[in-house]
Amino acid sequence: MVHYISPERLTLERVKEIIDNKMTLALSDEAIARIEKCRNYLNKKMETQKEPIYGVTTGFGSLCNISISKEQLSQLQKNLVMSHACGVGDEVPQEVVRLMLLLKVQNFCFGYSGVQLQTAQRLVDCYNNDVLPIVYQQGSLGASGDLCPLANLMLPSILGMGDVYYKGRRCDVKEVYDELGWSPIELQSKEGLALLNGTQFMSAYGVWSVLKAQRLSQQADMILALSLDAFDGRIEPFYESLHMVRPHKGQLETAKHVREYLDGSEIIVRHKEHVQDPYSFRCAPQVHGAAKDTIAYVASVIETEINSTTDNPIVLPDEDMVISGGHFHGEPMAMVLDFLSIAVAELGSISERRTYQLIDAKRGLPSFLVAKPGLNSGFMIPQYAAASIVSQTKQLCSPCSVDSIPSSQNQEDLVSMGGNAATKTYRVMENVERVLAIEIFNAAQALEFRRPLKSSPFVEKMVADYRKVVNFVDIDQVMYKHIHASVKFLQEQAL
């Protein structure tokens, strides 16, 4: 299957299809025409323009007042990529690197960047041949674009320098060039700047995180339904008539999901002695719902971003203008990624509280969910682990977007720190997935103490699928293996 990159709107749903179906990429005819039109215009503009054009005939950043001769323009662009490849820290996950390649080509296809067609095609070839440059998580200020990580992305793919992953192994990119018959691309004016300016590091992390958040949100509702029945909770807080008097969309959706998931349960309809449930159950529609609304908002911002041209300067052939602006600034991404972290973190916080309620010897459930507590510690420490993860997640949610450290001799005097927001958001998604895995581990265990009563067909099927990978714990066992299996179950669960 092939996805044709074009100026048509690229949706997050389409990105998910590309990933899930392992589609290859190709430039559409319209994308090719736009890229060539813009490059041809820029070549002619340089022949007639007498005044300096930032990044085209000048240096970069605070060196923008230094003019570069025509003979040195190619070297200028090559120097830019080499000097800016300063990434440090942990490697960017390969699935995010793949998204960076896709989104950078999407950026070029609008025809406002001035790159050569062969430059855009090389990134497509890297994607299709699974040539994934080694990119590092630290180094971006999220302001002059993601300069540092994008330089590390382009160094091997365009210039033939550095390391990549290829066919499952790490190697010098020169080996790949020899095998595939590639040669380094000689960059023309502005191209280095077009390659490095842009928000594709932040955007790729953002796309991955939103898709993950949407999945976690749905799984949080499913596990909530299981926990509610295992806790012998009440269904009234999920009635539609209740939520119509405060009709936030996400809140209504959450309540509806839980009602549907528990339809047909013997446990949920039986008489309850308790009048109310704790907030982690009773207020779940409000908390899960607020997270849903936030995820939807963040998704809309990220979708706008990946359908935008975010490098600098912007080349506008139809208006006969080359304008130096600030579309590379990551503030829109930084703020929403901070917001996304907070929203999904709350799904983890309320999940851990439900886990605690299940082990607290309430409503007929034994202490720590084992038959002989004391001799057996049971599920005591999985809750410890969840609490530890939740605490770390809260610390990660300190907003990056309110910070700024000036750079480039104060030319770049307010930066977004969106790169840091992006990488911490990725960690938050992984943390919350682990917390939800611990909740389903506990909730499935607790449900067994409600037998012979049955939950709904939906919940019983979910638990039956789960039991194929994690067994009931009658006496103390090595628990980390069960938790790891629970994480894998959520990652592979068909929704």
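This is a predicted model: local features need pLDDT of at least 70, side-chain atom pairs count only at pLDDT 80 or more; totals for chains, interfaces and linings use all residues.
Biologist: How many residues line the largest pocket, and which lie nearest its centre?
Modeller: The lining is made of 38 residues. Lys-16, Leu-211, Lys-212, Gln-214 and Arg-215 are the ones nearest the centre.

Biologist: Which helix gives the largest share of that lining?
Modeller: That's α9, with eight residues. Helices that each supply at least two lining residues include α1 (12-20), α9 (200-230) and α16 (418-447).

Biologist: And by class, what's in the lining of the largest pocket?
Modeller: There are 16 charged residues, 13 nonpolar and nine polar.

Biologist: Switching to cavities: how many of 30 Å³ or more does a search of the whole structure find?
Modeller: One. The largest cavity holds about 40 Å³ of space.

Biologist: Which residues line the largest cavity?
Modeller: Its lining consists of Leu-103, Asn-107, Thr-199, Gln-200, Ser-203, Glu-305, Ile-306, Ser-308 and Thr-310. α4, α9 and α13 are the elements that give two or more residues to this lining.

Biologist: What's the split by class for the lining of the largest cavity?
Modeller: Six polar, two nonpolar and one charged.

Biologist: OK, on to helix packing. At what angle do α4 and α5 pack?
Modeller: The angle is about 155°, and the axes of α4 and α5 are 9 Å apart. α4 and α5 are therefore roughly antiparallel to each other.

Biologist: Is the crossing of α4 and α5 left-handed or right-handed?
Modeller: Left-handed. On the α4 side, the contact is made by Arg-98, Leu-101, Leu-102, Lys-104, Val-105 and Phe-108, and α5 brings Ala-120, Leu-123, Val-124, Cys-126 and Tyr-127.

Biologist: What about α14 and α15, at what angle do they cross?
Modeller: Helix α14 (residues 331-359) and helix α15 (residues 380-396) cross at roughly 160°, and their axes come within 10 Å. That makes α14 roughly antiparallel to α15. The crossing of α14 and α15 is left-handed.

Biologist: Which residues meet in α14 and α15?
Modeller: From α14 you have Ala-345, Gly-348, Ser-349, Glu-352, Arg-353, Thr-355, Tyr-356 and Ile-359. They meet Gln-383, Ala-386, Ala-387, Val-390, Thr-393 and Lys-394 in α15. By class, the contact of α14 with α15 has six nonpolar, five polar and three charged residues.

Conventions:
Residues are numbered from 1 along each chain as its sequence is written. Side-chain values use heavy atoms; hydrogens and water are left out. On a 1 Å grid over the protein atoms alone, a cavity is a set of points where a 1.4 Å probe fits but cannot get out, and a pocket is an open set with protein on both sides within 12 Å along at least five of seven lines; lining residues have an atom within 4 Å of a point. Helices (H or I, at least four residues) and strands (E, at least two) are DSSP runs, numbered from the N terminus. Ala, Val, Leu, Ile, Met, Phe, Trp, Tyr, Cys and Pro count as nonpolar, Asp, Glu, Lys and Arg as charged, and the others, Gly among them, as polar. Axes are lines fitted to C-alpha atoms, for helices over the stretch in contact, and angles run from 0 to 180 degrees between N-to-C directions. Angles under 35 degrees count as roughly parallel, over 145 as roughly antiparallel, 65 to 115 as roughly perpendicular and the rest as oblique. A crossing is left-handed if the near helix is turned anticlockwise from the far one by less than a right angle, and right-handed if clockwise. Contact means heavy atoms within 4.5 Å. Grid points are joined across faces, edges and corners, and a volume is the space filled by probe spheres set on the points.
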